[in-house]
Amino acid sequence: MFETFMFINILGYALFKISYRPLGDIFQSFIVLGFLLFLFCDFKKAIKDKAVICLFLSILLTCLSWINSIYQIPHLAKDSPNIGILTNLFFFIFIAYWLKGNIKKVRVLWIVYAIGVFLTALTHSNDILADIMNGIAGQRIDFNYVNANHLGALSGIILLVSTYYAFKLKPIKHKILLTLFILVPSLFIVTVTQGRQIWLAILITSISTPILTSIISKKINIKSLIIILSTLIIATYLASNTKIIENRLHNENEIIPIILSGDMNSIPYSSMGIRIHFWSEAMSWIKKYPLLGTGEDTRNLVIKESTHIPKEIKMEFSHLHNGHIELIASYGLLGFSLFLYIYSLIMYSSKFYKENNEVLIISTMFILFFVIINCFESFFFFKTGEYMINIIFGGIYTFYLTHNLSMKDNNE
């Protein structure tokens, strides 16, 4: 009975965390309280879990980075460390525990995540019908949620996963329902939000996932790979020739030769150019403080303390538009290494679902997608990235966590 209650709270978190946050936070609080109860009863088991150990390491790392900032940049250092920045990314452990390694619960969670994303577009938009019509007409739409890239990212992983399930599902009526109510809406949002990094991530992930999962699982089906890759090539060609995508792809083409020339002073402060300037400034900062970084506010400090970035750009932007660079600048190579380990742990965890490659495929999809989109945006340090990580990772890590806890029970 209590497990059912906790599962309801997980679904509430997935449905409302970004669509209506006050309600989502209530569900999240119950999940935290439920997990604390588990810690109280089985602390010795929990403390040995690899992800839990990483959670405590993230707290230690946050404190060390803050101490480093006090010594290295005392005039810019914060009064205290903010441990929530990194620890919030480990909420997936709490979700994983209460899913109990149940694939049906995991699938329901991911469906509710999709509904939550669509609900976010609906509740945040000032006029949803106008947004839909303007999107069809070729305008870039953000549905009044953060910016267009964020809802595009949230929908991008839905598109990838729902496409996989659309092929996998057996009954034709299930395929039709999934396509109409999840795949098509996610495709629409991905298209009208016009996030080029989202499109790139979807393309690379779609091509790489079947190849990588075949290699990892050691089950290479050449015929299936040829069919999948051929379908992707045709779909990419057709998509790139649609008016909306074609116009967006050709935007800023003129600055690419300037970027390739390496002449920083000639690169304009366009959407692409701003990112290049920010990353260049960050490299200098990282070279000074490579191991521990200088705390969570570093991404803003890199911009504000720059002597090269124009004042009007400093006033408008407060982050570097690259989650990986921000992670290194803020928490050093140690912080970056911690999350590389988390990625590998999640991939390893996916193999503990033994029925087929379903969880392995989705794990590969998400990690590839998330890594690529963070090359151009800072999803690590926004609620958007936190929400994505916790729900998808939670649904994957549950199989490893449940297996380990059951093994400990048997040993005792």
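This is a predicted model: local features need pLDDT of at least 70, side-chain atom pairs count only at pLDDT 80 or more; totals for chains, interfaces and linings use all residues.
Start at the second largest pocket. Its volume is about 570 Å³. The lining comprises 24 residues, and Arg196, Gln197, Arg248, Ser271 and Arg275 lie nearest the centre. By type, the lining residues are ten nonpolar, seven polar and seven charged. Helix 15 gives the largest share, six residues.

Turn to helix 9. Its 21 residues reach 30 Å from first C-alpha to last, close to the 30 Å expected at 1.5 Å a residue. Of those 21 residues, 18 are buried, so helix 9 is largely enclosed by the rest of the structure. Asn147 caps its N-terminal end, with a side-chain oxygen 2.9 Å from the backbone nitrogen of Asn149.

Now the salt bridges. The whole structure holds seven. One joins Arg275 to Glu377, with the closest N and O atoms 3.2 Å apart. Arg275 sits in helix 15 and Glu377 in the loop between helix 19 (358-373) and helix 20 (383-411), so the pair ties together parts 102 residues apart in sequence. Both Arg275 and Glu377 are buried.

Glu326 pairs with Arg299 at 3.1 Å between the closest N and O atoms. Glu326 belongs to helix 18 and Arg299 to helix 16, so this bridge links parts 27 residues apart in sequence. Both Glu326 and Arg299 are buried.

Glu386 and Lys383 form a salt bridge at 3.1 Å, N to O. They are three residues apart in helix 20, about one helical turn. Glu386 is buried, at 7% relative accessible area. Lys383 is partly exposed, at 32%. Elsewhere, salt bridges with shared partners join Lys17, Arg21 and Asp25 into one network.

Note on methods: Residues are numbered from 1 along each chain as its sequence is written. Side-chain values use heavy atoms; hydrogens and water are left out. On a 1 Å grid over the protein atoms alone, a cavity is a set of points where a 1.4 Å probe fits but cannot get out, and a pocket is an open set with protein on both sides within 12 Å along at least five of seven lines; lining residues have an atom within 4 Å of a point. Grid points are joined across faces, edges and corners, and a volume is the space filled by probe spheres set on the points. Helices (H or I, at least four residues) and strands (E, at least two) are DSSP runs, numbered from the N terminus. Ala, Val, Leu, Ile, Met, Phe, Trp, Tyr, Cys and Pro count as nonpolar, Asp, Glu, Lys and Arg as charged, and the others, Gly among them, as polar. The expected span of a helix is 1.5 Å times one less than its number of residues. Buried means under 20% relative accessible area, exposed over 50%, partly exposed in between (1.4 Å probe, protein chains only). A polar contact is a pair of N or O atoms within 3.5 Å; within protein, one must be able to donate a hydrogen and the other to accept it, and residues adjacent in sequence count only if both atoms are side-chain atoms. A salt bridge is a side-chain nitrogen of Lys or Arg within 4 Å of a carboxyl oxygen of Asp or Glu.
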